[in-house]
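Subject: Handing over a structure

Hello,

Here is the structure I promised to pass on to you. Please have a look at it first, and then read on for what turned up in it.

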Amino acid sequence: MRTTVVVVTWRGAGHLGACLAGLAGQDRPHRTLVVDNASTDGSGDIAGLAGVEVVRLERNLGYAGGIAAVLDRVDTEFVAWLNDDAVPDPGWLGRLEDALDAAPGAGAASARLVRADGSTQSVGVGVDALGRGFDLTGGPVFGFCGGAALLRVGALRAVGGVPADFFCYYEDTDTSWRLRLHGWDVVSVPGATAVHAHGATSRLGSREFHRWNERNRLVMLLRCAPTRVALKEVARFAAITAKVVFRRPEGANFLPSLRVRVLGEVLRRAPRALAGRAGDRAARRRVWRERVPG
């Protein structure tokens, strides 16, 4: 048994059972650890009936916080992150373990998430010139998609663990960036597949969705990107926010109150983010130059 699979759930009663059934059918031995984020729908009970370990949190810490809360409990070589609305095929874990065995310089391996119709949602994530993360459906990847991935526990701990304060979104891109800044590669393993009901738990496009995405992208840049890139993006966000306050365009992402809140949260987190920047100046410039298009 080389891997602990961590499944974070919050009100996942409608889909958690299928996820755990997929894990029970894996062709590699592993430990399954379900983190119940203070669910009120019996998600933790479903996991308990499935015969896996359950850690019940007193409050919802989000996806990032849930993984961070149990990282000290992981005593295996690898740790897998798996969304509770993802159902892995029987060879999912074995192919990920084999990929990391074949690539000793890789700190993480990203699986292929597919939709119910069989189309590919993600084989990993990329980063664009504005520092925005996005799903890739092919080719080399910048980072792993946290919905279904395998990481070396030693590498993860060495680069600072999981950014629990992110709550959810960008924790995978931030972790991938820190791995790269410390000399680790991230590989894509399209043969390791999981069917993903994307957005089954979170409400894509909601106010909170935009809040976490915008805030975490900027904090990630302050932690990992070249200084000029990070400061430019924070300044750009502030400038657009100032315009929004007066022009009030349509769309949840342009709500003045939302953007002002995000900006305040970023500024409060900025001193700590800058003090704990990953890698050195040369590494940040190198990763940006080599891995970010444009």
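Which residues does Phe144 touch, not counting residues up to four places away in sequence? Please keep in mind that this is a predicted model. In it, Phe144 touches Trp81, Ala108, Ser110, Val125, Ala149 and Leu151, and also Asp172, Thr175, Ser176, Leu179 and Val186.

Phe144 belongs to the largest nonpolar core, a set of 60 residues. Together with Val79, Trp81, Leu151 and Trp177, Phe144 is listed there among those with the most contacts inside the core. Helix α7, residues 207–224, gives the most to this core: eight residues. There is also a second, separate core of 29 residues, including Val34, Ala99, Leu100 and Ala109.

Now for the chain as a whole. Its secondary structure consists of ten helices and eleven strands. The radius of gyration is 19 Å, close to the 19 Å that the globule rule gives for 294 residues, so the chain is as compact as a globular protein of that length. The C-alpha trace spans about 55 × 40 × 35 Å along its principal axes.

Of the 294 residues, 54% are buried. If you look at contacts between residues at least 6 apart in sequence, 73% join residues at least 24 apart.

Finally, the surface and the charges. The accessible surface comes to about 12,600 Å², and 54% of it belongs to carbon and sulfur atoms. The chain has 39 positive and 30 negative charges, whose mean positions are 10 Å apart.

Enjoy exploring it!

Best wishes

Methods: Residues numbered from 1 in each chain as written. Predicted model: local features only at pLDDT ≥ 70, side-chain atom pairs only at ≥ 80, totals over all residues. Heavy atoms only, no water. Helix = DSSP H or I, 4+ residues; strand = E, 2+ residues; numbered from the N terminus. Rg over C-alpha atoms; globule rule 2.2 N^0.38 Å. Buried < 20%, exposed > 50% of the residue type's maximum accessible area, 1.4 Å probe, protein only. Contact = heavy atoms within 4.5 Å. Areas by Shrake-Rupley, 256 points an atom, 1.4 Å probe, with all protein chains shown as cover. Lys, Arg positive; Asp, Glu negative; His and termini not counted. Charge placed at Lys NZ, Arg CZ, Asp CG, Glu CD. Core = buried A, V, L, I, M, F, W, Y, C linked by side-chain atoms within 4.5 Å.
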